[in-house]
Amino acid sequence: MGGLNANLRAISMSNFDIKRIVAERLGENYQLHEKYVNPTFVKVLRTIGFDKVYAKGKGAYLWDKEGNRYLDMLSGFGVFGIGRNHPGVAQVIRDVLDLDLSNMVQMDCSFLSGLLAEALIKHCPPHLNSVFFTNSGTESVEAALKFARAATGRSKFAYLDHGWHGLSMGSLSIMGNDEFREGFGELLDGVRVPYNDLEALDKALSKRDVAVFAVECIQGKGVRLPDDKFLPAAQEICRKHGTLFFCDEVQTAYGRTGKFFAFQHWNLEPDLISTSKALSGGYVPVGAMITRREIYQKVYHRMDRCFVHSSSFGRNNLGMAVGLATLQILDEEKLVERCAVQGKKLMDGINALKAKHEVLLEARGKGLMIGIEFHEPRSLKLKMAWKMIHAANDGLFAQMIVMPLLQKHRIITQVSGNHGDVIRALPAFVISDEDIQYFVSALDDVLSDCHKLPGPMWDLGANLVKAAIANKGGAKQEAVAASR
């Protein structure tokens, strides 16, 4: 019977050839999404000239259908830390498939998830010793919020203004960006704390009804860094009021900031952390919430609650295998250390342009998590043009930089947040010195065009203003709304 079933399966799949389908239909991307998925996003991509058809990815690069190479300075918003299509991860996936392992039995303890949990804990400080596996960053955040409630008996959350933690309902409840909360009704009870405001945090926690205080050590939207003393002091305030301290490391973990975890820059000891993105190796969605054992056991404290928080796909073999492979590659290729070195080179190169371009304020960040911010120029003609753009939308200028970087130089970047003049660079850790120099030279060229008034850059800005007005405030805003 088994052989017969295998033969039937082979026959049923004989007409399905994914390679043939890709070869015949690649290029229909935007028509398919316009018809069946998200036509508004398609409209945004066409408006800003991002409607490219990418056919291949490798390392720090993408190639379009016509064979043109692009330097990818976003890496899937931080997913491709080790680079796209790393052969080591690809081989591990093939090996696991060849083994025909049991998978997602559910009523068992899967082997590969145990191995990955062991490997993760080896990379953590000693107090973080328990892992819950998820499928995404927002699920890791959801797990942290639930575990915090169970551990403290409290229901309220505290979070930072402008913080980003995901778009599912619990994660959205600690979202510090109002444009993403709008339209989704009443959320979980939380209190928003102004950035860098320790007095406000102390007041928010003083009633001792807040289960957890959630922070990004470096905020992804705008790439904002806290004051040097803020995070250590915030941790102490949490301890004083019995509130758990939660570091969202979904974008920053696994080396993005030049340390394995961003909280290590401040020598913090968070009670919970959420991770995902780079752990996937860029192949299979996977996430992990890591916490203290005593917090973990507050959830699973009786035998009848052994399954009270779970995920059908959370411990799947492919997700666990790519996580193991990614950790091995990070260690063997010393990519965390490389990220710190290459990030400094990139920031130094960009900041060297400040003396030449009056619209460039700074490049800031840690490792290869970099925000490039612009500000109002001094010269009268440029100042007037700047004010005209900002009167329509206070983030269109950054989009004016992003678009020619793509169209003229084949560099993929994007604005960082719905408001403000910041673009974000999150390249793969394998970015080369030549790539860095190419990016700095391209940015230099685009900023030089900003000084030509009238000129094509400001014509582009005028067109963006028209699009924003026609869309009631939105071509750029919609673009960044889809940016994570």
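Mentor: Happy to. Buried means under 20% relative accessible area, exposed means over 50%, and partly exposed is in between. Keep in mind as we go that this is a predicted model.

Trainee: Thanks! So is Arg410 buried, exposed or partly exposed?

Mentor: Arg410 has a relative accessible area of 35%, so it counts as partly exposed. You'll find Arg410 in the loop between helix 17 and strand 13 (411-412).

Trainee: What does Arg410 touch, apart from its neighbours within four places in sequence?

Mentor: Arg410 is in contact with Asn68, Arg69, Tyr70, Leu71 and Leu405.

Trainee: Let's zoom out for a second. How many helices and strands are there in the chain?

Mentor: The chain has 20 helices and 15 strands.

Trainee: And what is the radius of gyration of the chain?

Mentor: The chain has 23 Å, which agrees with the value near 23 Å that a compact globule of 484 residues would have. Along the principal axes, the C-alpha atoms fill a box of roughly 70 × 65 × 45 Å.

Trainee: What share of the residues is buried?

Mentor: Buried residues make up 53% of the 484. As for contacts in the chain with a separation of 6 or more, 72% come from residues 24 or more positions apart.

Trainee: Back to helix 17. At what angle does helix 17 cross helix 18?

Mentor: Helix 17 (residues 396-407) and helix 18 (residues 433-450) cross at roughly 125°, and their axes come within 10 Å. That angle makes helix 17 oblique to helix 18. The crossing of the two is right-handed.

Trainee: Which residues meet there?

Mentor: On the helix 17 side they are Phe397, Ile401, Pro404 and Leu405, and these meet Phe439, Ala442, Leu443, Val446, Leu447 and Cys450 of helix 18. By class, the contact of helix 17 with helix 18 has ten nonpolar residues, no polar ones and no charged ones.

Trainee: How about helix 16, where does that sit relative to helix 17?

Mentor: The axes of helix 16 (residues 380-392) and helix 17 come within 8 Å and cross at roughly 105°. The two helices are therefore roughly perpendicular to each other. Helix 16 contributes Trp386, Ile389, His390 and Ala392 to the contact, while helix 17 contributes Leu396, Phe397 and Met400. That contact of helix 16 with helix 17 has six nonpolar residues, one polar residue and no charged ones.

Trainee: I noticed Val402 in helix 17 as well. Is Val402 buried or exposed?

Mentor: Val402 is buried, with a relative accessible area of 0%. Leaving aside neighbours within four places in sequence, Val402 is in contact with Phe50, Thr413, Gln414, Val415 and Ile423.

Trainee: And what separates Val402 from Leu99?

Mentor: Their C-alpha atoms are separated by 45 Å, and the two residues are 303 apart along the chain.

Trainee: New topic: helix 6. At what angle do helix 6 and helix 14 pack?

Mentor: Helix 6 (residues 87-99) and helix 14 (residues 317-332) pack at about 145°, with their axes 9 Å apart. Helix 6 passes helix 14 in a right-handed crossing. From helix 6 the contact takes in Gly88, Val89, Val92, Ile93, Val96 and Leu97, and from helix 14 Asn317, Leu318, Ala321, Val322, Ala325, Thr326 and Ile329. The residues of the contact of helix 6 with helix 14 divide into ten nonpolar, three polar and no charged.

Trainee: One last thing, the backbone. What is the phi of Asp100?

Mentor: Asp100 has a positive phi of about 50° although it is not a glycine. Asp100 lies in the loop between helix 6 and helix 7 (111-122), and is exposed, with a relative accessible area of 70%.

Trainee: And Val223, what is the phi there?

Mentor: Val223 is not a glycine, yet its phi is positive, near 45°. Val223 is in the loop between strand 7 (210-215) and helix 12 (230-241). At 0% relative accessibility, Val223 counts as buried, whereas Asp100 is exposed.

Terms used
Residues numbered from 1 in each chain as written. Predicted model: local features only at pLDDT ≥ 70, side-chain atom pairs only at ≥ 80, totals over all residues. Heavy atoms only, no water. Axes fitted to C-alpha atoms, helices over the stretch in contact; angles between N-to-C directions. Helix = DSSP H or I, 4+ residues; strand = E, 2+ residues; numbered from the N terminus. Parallel < 35°, antiparallel > 145°, perpendicular 65-115°, else oblique. Left-handed = near helix turned anticlockwise from the far one by under 90°. Contact = heavy atoms within 4.5 Å. Nonpolar A, V, L, I, M, F, W, Y, C, P; charged D, E, K, R; others polar. Rg over C-alpha atoms; globule rule 2.2 N^0.38 Å. Buried < 20%, exposed > 50% of the residue type's maximum accessible area, 1.4 Å probe, protein only.
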